[in-house]
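Notebook open, structure loaded. I'm jotting down what I look up as I go.

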Amino acid sequence: MKAMPDVSRLTSHVSRLTFYLAHRLDGGLILAALLPLFIIQSLLQPGLPTLADLPIHLYRTLEYGQAWGPGVIVPRWAPNLAYGYGYPLFVFAPPLPYWLGLLFAILGFSLETAFKLLIILTILLYAIGMYLLGRDLWGRVEAGLVAATAYAFAPFALREALLYGGNVPQYLAIGLFPWTMWAVLRAARSRAWGWGVTAACFYAAILMSHLFQALIFTPVVGLFGLILWGQETGVRGQKSVVSSQKSVASSQKKGLDFKKLLFATLRGHSPFTIRHSPFTIRHSPFAIHHSPFPLPSPPALAAIPLGLLLAAFFWLPAFTERVFTRAQPDIYLEKSPFFVRYPHWSELLAWIPPLDARAANPYVPLSLGLVTVILAVLGFLIGVRGWGLGVGGQGSGAKGQQASILHPPSSILHPPSTVYRLPSTLFFAAVALTAIFLSLPISRSVWEIVTILQVAEFPWRMLGLANLGLAVLAGGAVLWLPSKFRWPLTATCLLLQIGAIAPLLYPVTGFSRYEPVTIANQIDYERRSQSIGTTTLGEYLPQSVHRPPTTSPMIDDFLANQYPERLDRASLPAGAAATLVEQSAVTHNYNLNSPTDFTLRFWQFDYPGWQAHFDGAPALIRPEPETGLILIDVPAGQHSLTLHFGETPGRLFALFLTGLTLLGLLGAALLKATGHQPMIKGELPTQSSLAPSHPRTPALLLPCLLIIAAALWLKPLLRPVFTLDSPPGRALPAQQQTWINFAGGIQLIGYDLDKRAVRAGERVEVALYWQTDAAPLKNNLQPFVHLDRLDSLTTVAGATNYTPGDPTTETVMPTFHWDNTRYVRDEHEVIVPSDTLPIAYAVRAGLIDPDRDGRLVRLAGQQEDTALLTTINVLPAQEPPPLAEKTQASFQADDARLNLIGFELASVTRTQLDFKLAWQTDRPPGTDYTVFAQLLDLENNLVASFDRPPLDGAYPTSTWWPGQTIIDPRYIPLRGTPPGEYRLIVGLYDPATQQRLVTASGADFIELAVVKIGEK
């Protein structure tokens, strides 16, 4: 009889809760969740984006599911990787992305679709998490929306999700950054352990997503908690005004209820803020009582230690077991050195160009987003100078007051103090600037000192952390906006942010189908990519493996989607038998019968955790020299052999730490639930009490419909605006169009040169545009760029790519992957040696065939093997000192002037006259002129002369750089010249026509000095 009232009461509660959520959810939160539709729309097509690392993580997810088996709590061993020899990948690869992928697969989706859903989930995490952080930090919905857009639409994030990266674990970890910061922020202000545990869970999720991102994020979240503690201390020294006597009494007695705080968050407001927006005008019915004693906030400071304990089962073995593998700093320096992966600072501020649909690898700069950088600078200035936030200007009036999560309820009546705003502004600015610094070459010494950073391989991984700081600062920029125009101007900011990166929302590299995802596909990918164990360096191979495999005897079984036997039956002696009893991912059970002792060999790498037992008794395992395969000495007779991969004491200890932490948190939650009544009592509001003070639905409905329509209907129509489609045989993005044919059906159809003049010691970036009409190519050709002297063709600098593409980001396109429809963009960074002579050099390009002993590929129908692209000038590091004598003579060459600005007599002997000339030009002439130097006697008779181009032909006049002072050492042979005084004259002439250049006065030479030649 009591069941019906209970059901009726439950129904009433559910009804009121549903109505509450429908009418009180934060409208800004809904908008933040809808804005990523512009990104998600690009994924709404069959297949997955063709990204470099996406197949790796897709097949790892498949392998993680295969690695689970009887008795396996947490998979550590990948049984089918490394061509079936097994790989300890999951000791080191964070498991959360694979858990999520398998979770979607368990729900009935194919693995391909599950991975797409994982990417979509991460996109939403970016936007919603940063919205919550920006909203609560700055106290405005508008700030949250601008911050969310800056973070979710950051070029680095879009590059990872849609264009080139595909490193889903890294993408997921960076997406969890703002969630962790937001939970720490709430924990610090509410002093509620529920928020502290939430922050720890988010931090643990980052640890279980990407270790390097967790490593660089740890000091950030730790310092953030300390800064919030300092801000809280400053607040507690001020007077507080209580907004609700009931709330104060409750908070004085028992504190705040985490569930109540979380519910308030869904309503779109903080218990510590007032927000004014067309979507959210709500004041919390409870507040915190501020103690006069400045004590730290344990929940906020517990995020890191508690998170480390929650994720200890993974990170602790990952750090301690690296010594058993080849994953040492030297292998990263040797195989993938970090110091060649730095982007140039100008790339961070680059504008995003339209992407070419005919490019196999279109140029996507590692940009921070120019609009985001501008907004971040404005936000920094506002935070430092006190604009907005009620400190002056637009926000100082009572009507325009805005509060921040960092402010107590007294801020409702009083302008917020700079004790909150300034430290947070400086903190996020420091995060952004530090991350940017560590991504640039200037930070190389830091990377060399902190060697653990080198395992990252790519310094530009720091851009994810930079985006975090910039996005928060960008959100602060809206505090400057006047209240009357705040929403229209906020909408304008959102449009500018999305419009600035719009080309990245149209992936042109295509989508690939992977269904069905099978072990055969995985093995085939491993063989084709030569990425052993799905790692490019094979760094997790056991130390005992001195000769990494390139294939295995199990390949045929794998390609037939059969699970192969790991026992090498060739190691059985004559008369011996081995019967397979049981085989799983981590267990091999055999009955053995042998007339003699022998050594059994398994096609399985030896690694800590493998254990052998004969008839239940432990047996010794040893690695085979060179190969590292498992060897077991078997005595004669009948035996039961069990080979099993289990947990080591270190892994068990790590599992114990995580398990004990989970039990502790569960026990604390049960005690709280059963030990006393909720801290804040009260019934759900009735329907009448929930009526908003003004109609919210129409105000929210319109922008939601606009976003959905723009993302799903308008965006596809704008594709021609933000993309290119080069015609066959051309590369429209190339600065210079060419058509240079190489043997084998390869053409160089264009090139980019980032500068025409460079100083010694600097770099030159050259991008080559290749295509072929003879695909598939058999060899992996290696393109190169050289700087050659014009006189001797000696190479002074060069760059060779092991494979065509972008070596900075390893976006590579081997020639055997080229097709006949798309061209390949090939980047080269040429470092000019510091002692390079300041003259002009030829820029030449070519191809090396490593399969033919490094011979160069010739130009089609020619004997040459390099193509001349253009010339480039190397300028002196500093201006040369002026010569002893100044001259003011100008020779007219068409529309150019060759100015002789200096002369210096070096030495005069009986055999040779040495002197120097200093030249300049306002523009290079179209002809290469020869300089003549003559000695005339007093009767103007020619006595001696010597003609030659400037610098012996090393610096032709047509290549002179405007404004450069060119020191031209010269001499005149004097053998047989009688002693006496002679006039030294110089001039220029065209060697083809012998026509001399004349000065403005009509003279065809300049007299420099009278030279006296003595008897000796």
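Where is I449 placed? I find I449 in helix α22, which covers residues 444–449. This is a predicted model, so I keep that in mind throughout.

Next I checked the cover on I449. I call I449 exposed because its relative accessible area is 68%, and the cut-off for exposed is over 50%. I449 also belongs to a nonpolar surface patch of about 430 Å². I noted L215, F319, V450 and I452 as the other residues making that patch.

On to G499. I located G499 in helix α24, residues 486–500. Buried or exposed, or partly exposed: which one is G499? I put G499 down as partly exposed because its relative accessible area is 35%, between the cut-offs of 20% and 50%. I also looked up V371, which is 128 residues away from G499 along the chain. The C-alpha atoms of G499 and V371 are 9.4 Å apart.

Then the strands. How do β4 and β5 pair? I see strand β4 (residues 577–583) and strand β5 (residues 587–594) running antiparallel, with six bridges. The two strands form a hairpin, and three residues sit between β4 and β5. Across the pairing, I found Q583 opposite H588 in β5.

Last, the confidence check. The chain has a mean pLDDT of 85, and 85% of its residues reach 70 or more. I flagged residues 388–419, where the pLDDT is below 50; the model still gives this stretch 86 contacts beyond near neighbours in sequence. I flagged residues 677–695 too: pLDDT stays under 50 there, and the model has 34 contacts for them beyond four places in sequence.

Definitions and conventions
Residues numbered from 1 in each chain as written. Predicted model: local features only at pLDDT ≥ 70, side-chain atom pairs only at ≥ 80, totals over all residues. Heavy atoms only, no water. Patch = residues over 30% accessible without salt bridge, like charges linked within 9 Å, V, L, I, M, F, W, Y side chains within 5 Å. Areas by Shrake-Rupley, 256 points an atom, 1.4 Å probe, with all protein chains shown as cover. Salt bridge = Lys/Arg side-chain N within 4 Å of Asp/Glu carboxyl O. Helix = DSSP H or I, 4+ residues; strand = E, 2+ residues; numbered from the N terminus. Buried < 20%, exposed > 50% of the residue type's maximum accessible area, 1.4 Å probe, protein only. Pairing = 2+ DSSP bridges. pLDDT = per-residue confidence, 0-100. Contact = heavy atoms within 4.5 Å.
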